[in-house]
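Here is a walk through a two-chain model, taken one element at a time. Please keep the sequence and the coordinates open while reading.

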Amino acid sequence: MSNKEKHWEKTKGNMFLTLALWFFFGYIIFMFGESLNSASFLGYPLAYYMCAQGSIVAFVIILFWSANRQEKIDEECGFAERGEDD
Amino acid sequence: MFKGKFIDNLPKIYGTYTGGFLVFIILMAIAEQAGMTAKTIGILFVAFTVCIYAFIGWMSRTVQVDAYYVAGRSVPTVFNGMATAADWMSGASFVAMAGGIYFGGYTYMAFLIGWTGGYILVSSLLAPYLRKFGCYTVPDFIGTRYGGNFARFCAVVVLTLASFTYVTAQINATGTIAARALAIPFELGVWVGLVSILLCSMLGGMRAVTWTQVAQYIVLIIAYLLPIFWISNKGGYGFFPHLMLGEEVARLGELEAQFGLVKNAAADVKAAGVPGGLKSISLPHSEVPAGGMAAWKFISLVICMMVGTASLPHILMRYFTTPSVKAARKSVAWSLFFIALLYTSAPMLATLSKLSLMDPNLSTGIIGKDISAVMSIDWVQAWTAQKQAFIADFNGDGVLQLNEWFMRGDVVVLSTPEVAGLPYVISGLVAAGGMAAAMSTADGLILAIANALSHDVYYKIIDPKADVRKRLLVARGLLIVIGAAGAYIASMRITSILGAVAWAFDFAMSGLFFPLVLGVWWKRATREGAIAGMITGLASGTAYLIYVYPKFMGNPAWLGIDHLRFGIIGASVCLVVMVVVSLMTPAPDSSTQKMIDEVRVPTGKTILGKQH
């Protein structure tokens, strides 16, 4: 397997993992909104809280985490960009 | 004061700008104490900020093609995040979102999830790869990846339809705010708004829009957060409202039970003479509606908004401006961070403004009080005079019930400072913030359409030999034409702000999502497949919208997929057709395959040259 193929396999893996987390926070928990709401967090009903803040904060964290992970993959496989700072 | 390159000085420049804006707010507060009228303060706020944007627009003028189309690909991650956030948060987010939660409660909050989660699709499926591709516009990618002018043209059609639906709503919002702040008629406000929008983008294209959007983000986020923190602290609800409003949310539930959530019959509302577009509260604030269908309606709306986010060209093109692929990826994360600051605050604002109206124990409460007393309150008089609020005493008891108070969704944000008894300077600030939000999105959208028409249709299809001067002249001419067309339609007031915004997402996802994603992730996707997918996706989505929308054919929605969710039909058809047709046609040639391999790694040259 060439380096490029290895890189793409890992990139795909990162993509699927990221989307799995996305699916959990974006969809799965809201399928059970009715029962979640009987629990509470910070005094808010849980489903309301996840909708108002919880999932959104989770999305932000997932994005940073996934970007860092992808940077490591690029580094490992020798495809990291050089000489251009962000 | 600022030595060296502009880019290196960005934190200093925008820091000074933010400080200057805060000083301006304080000056206005002092002027208010000294007796300046509310009207003058409103005018000064809007005029001052719009002049600054116009100044930035003029400073960023350019005659370079890559500066005009992609801001020279030199926008640092964090600043691109701010610009994207302003680009993204439209008049609908700023003005209508808290209002939507105010009326719709949990059900409406599906929009919050949908309009944030889509960025994960942008980051993991598209943005870094499109950046590596090096395109100027989204159809540029479709045209090069699949080859041929017809594929490019189809992408332009979808882009134009989606963005244009969106832009009329934005110009409508700038019109509403300009009309109110400057005390001019709405029809004139729309044109004032348009001129302000064009001042930002005309001379410098993407470069000018980027730097004005950063400035607009700073104004809009201050304008959104300041009143929330102020009200929360003033009312003793908690120092940090986001974490401390649990009791207030529970209290709203009690009040709902006490007053009763009554859905007025349409005939009664009509008979009482309630102006169009005004609503009363009839849905619970935090309660989740029971049943599988309700959950599906929530989730299907989330799907449409998320997938739509990842297909909207004015957002995708923001990531063409970063210096590297890595920066594009990080920049998506920063974008959502800046967006989240506002989105997580909207439910808090809705909670606070709802409570200050509903709680009879508070001095600001109006529900459950005598109608004659309520009618003598200043802000009630002002808003009812403008037909933005209305009282209908259905049961004739002289007491204002929850279902007898009508308000326009859009005015919840604009009126909250007044309702909560904050000084007028805050209302002026909020008007400036709403104007910034609507202007920044309108700029991004008009630029997306004009760039696609000038680069993809004019330069790539009609006249590939055109020189730089001519190309930029055409691009600027198109900006004016598209803006004027949008303003003309907005001045006719066809649909409410929100209906149109959701439609833009549905149109975009119907035609563009799968051709874009499969273009990167599926090498076997062919030109014929992409073209067939775009055409059938857009056509079936549009046909379903006409079939189901009450003002068109008005048929019952299939599986709860109503006119806000028609993208589910369009995108599904697009996917199936694209896969089937791709498999029936010969696989793309080896040079295309190689190009896709190149797109998938961050290093190396971009596929399209720096100037193309």
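Of the 16 residues of α9(B), 12 are buried, so this helix is largely enclosed by the rest of the structure. The model is a predicted one, and the values below are computed from it. A residue counts as buried here if 20 or more other C-beta atoms lie within 10 Å of its own.

Two packed helices are described by the angle between their axes and the distance between the axes. For α5 (residues 91-104) and α20 (residues 411-419) of chain B, the angle is about 85 degrees and the axes are 6 Å apart. That makes α5(B) roughly perpendicular to α20(B), because angles of 65 to 115 degrees are counted that way. On the α5(B) side, the contact is made by Phe94(B), Val95(B), Ala98(B), Gly99(B) and Tyr102(B), and on the α20(B) side by Val412(B), Val413(B) and Leu414(B). By class, this contact has 7 nonpolar residues, 1 polar residue and no charged residues.

Chain A has 3 helices and 2 strands, which run α-α-β-β-α from the N terminus on. Its radius of gyration is 18 Å, whereas a compact globule of 86 residues would have one near 12 Å. The C-alpha atoms of chain A fill a box of roughly 50 × 30 × 10 Å along the principal axes. Of its 86 residues, 40% count as buried. Among contacts in chain A between residues at least 6 apart in sequence, 58% join residues at least 24 apart.

Where the chains meet, 46 residues of chain B are in contact with 42 residues of chain A. On the side of chain B that touches chain A, at least two residues each come from α6 (110-133), α11 (241-244), α12 (246-259), α14 (292-309) and α16 (325-343) of chain B. The largest share, 11 residues, comes from α16(B). By class, this side of chain B has 28 nonpolar, 11 polar and 7 charged residues.

Methods:
Residues numbered from 1 in each chain as written. Chains lettered and ligands numbered in written order. Predicted model: local features only at pLDDT ≥ 70, side-chain atom pairs only at ≥ 80, totals over all residues. Helix = DSSP H or I, 4+ residues; strand = E, 2+ residues; numbered from the N terminus. Rg over C-alpha atoms; globule rule 2.2 N^0.38 Å. Contact = placed C-beta atoms within 7 Å. Nonpolar A, V, L, I, M, F, W, Y, C, P; charged D, E, K, R; others polar. Axes fitted to C-alpha atoms, helices over the stretch in contact; angles between N-to-C directions. Parallel < 35°, antiparallel > 145°, perpendicular 65-115°, else oblique.
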